[in-house]
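The sequence and structure are shown first.

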Amino acid sequence: MKNGDATLLSIFGVFAKIGAFTIGGGYAMFPLIEAEMYRRKWIDEDEMPDIMVLAQSAPGILAVNLAIFSGYKLRGIKGAVAASLGAVLPSFIIILAIAAAFTNFKDNPTVMKIFRGIRPVAVGLIFVPAVNMARKGCRSWWAWLVLAASLVAVAVLKVSPLYIIIVTIVTAIAVNMARERKR
């Protein structure tokens, strides 16, 4: 691992490139961030899932949280600032330009069709990292069971993810306490 090769300018550049060309937010950015971090040997494969978990756990926008935690891992506070500015600045400029132009074209049938065409792409970009994370994170049958139950609870039963996280934490603590008592 060569975190020393990660200059603030290179961190900003990587996240600016990803921020400029990614549609779909943090989940769509994740595989691109992961690929860049691995390709540049900035992190090990075991570290990226931890960054994703931290980014999801923190309040705020996932894309920004991913940038902050990735940048912090590489160069501390300055790396976090460089990565988050890189991730946000291109999108901010692009959205500003689109907002200025969009008011003139928002009812244009071609523009409406373009946006409808982009939606499935964004879903696909989100689906791929979810599958990859499931493969890396679910290493036992009970982990796959928890994943399936969580998916059904959120998607079908409309249970708040907050309740699922709380139940999972309480269950994990109870299981670990029971194991310790047996020893």
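## Packing of α2 against α4

Helices α2 and α4 pack at an angle of about 30°, with their axes 8 Å apart; the axes are lines fitted to C-alpha atoms, for helices over the stretch in contact, and angles run from 0 to 180 degrees between N-to-C directions. Helices here are DSSP runs (H or I, at least four residues), numbered from the N terminus. On the α2 side, Gly26, Tyr27, Met29, Phe30, Ile33 and Met37 meet Leu62, Ala63, Leu66, Ser70, Leu74 and Ala87 of α4, where contact means heavy atoms within 4.5 Å.

By class, the residues of this contact divide into 10 nonpolar, two polar and no charged. In this classification Ala, Val, Leu, Ile, Met, Phe, Trp, Tyr, Cys and Pro count as nonpolar, Asp, Glu, Lys and Arg as charged, and the others, Gly among them, as polar.

## Basis of the values

Residues are numbered from 1 along each chain as its sequence is written, and side-chain values use heavy atoms, with hydrogens and water left out. Since the model is predicted, local features need pLDDT of at least 70 and side-chain atom pairs count only at pLDDT 80 or more, whereas totals for chains, interfaces and linings use all residues.

## The nonpolar core

The largest nonpolar core has 24 residues, and those with the most contacts inside it are Ile11, Phe15, Ile33 and Leu66. Such a core is a set of buried Ala, Val, Leu, Ile, Met, Phe, Trp, Tyr and Cys residues joined through side-chain atoms within 4.5 Å; buried means under 20% relative accessible area, exposed over 50%, and partly exposed in between, with a 1.4 Å probe and protein chains only. Two or more residues come from each of α1 (8-21), α2 (26-39), α3 (47-57) and α4 (62-105), and the largest share, eight residues, comes from α4.

Leaving aside residues up to four places away in sequence, Phe15 touches Ile33, Ala67, Ser70, Ala83, Gly86 and Ala87. Ser70 lies in helix α4 and counts as buried because its relative accessibility is 0%.

The largest pocket has a volume of about 2100 Å³, and of the 42 residues that line it, the closest to its centre are Gln56, Met133, Val146, Leu147 and Ser150. A pocket is an open set of points on a 1 Å grid over the protein atoms alone, where a 1.4 Å probe fits, with protein on both sides within 12 Å along at least five of seven lines; lining residues have an atom within 4 Å of a point. Grid points are joined across faces, edges and corners, and a volume is the space filled by probe spheres set on the points. At least two lining residues are supplied by each of α3, α5 (109-137), α6 (141-155) and α7 (161-182), and the lining has 29 nonpolar, seven polar and six charged residues.

The second largest pocket holds about 550 Å³ of space; of its 22 lining residues, Gly19, Thr22, Ile23, Ser91 and Ile95 are the closest to its centre. The largest share of this lining, eight residues, comes from α4, and the lining has 17 nonpolar, five polar and no charged residues.

## Positive phi in two loops

Lys41, in the loop between α2 and α3, has a positive phi of about 60° although it is not a glycine. Phi of Lys158 is also positive, near 60°; Lys158 lies in the loop between α6 and α7 and counts as exposed because its relative accessibility is 65%.
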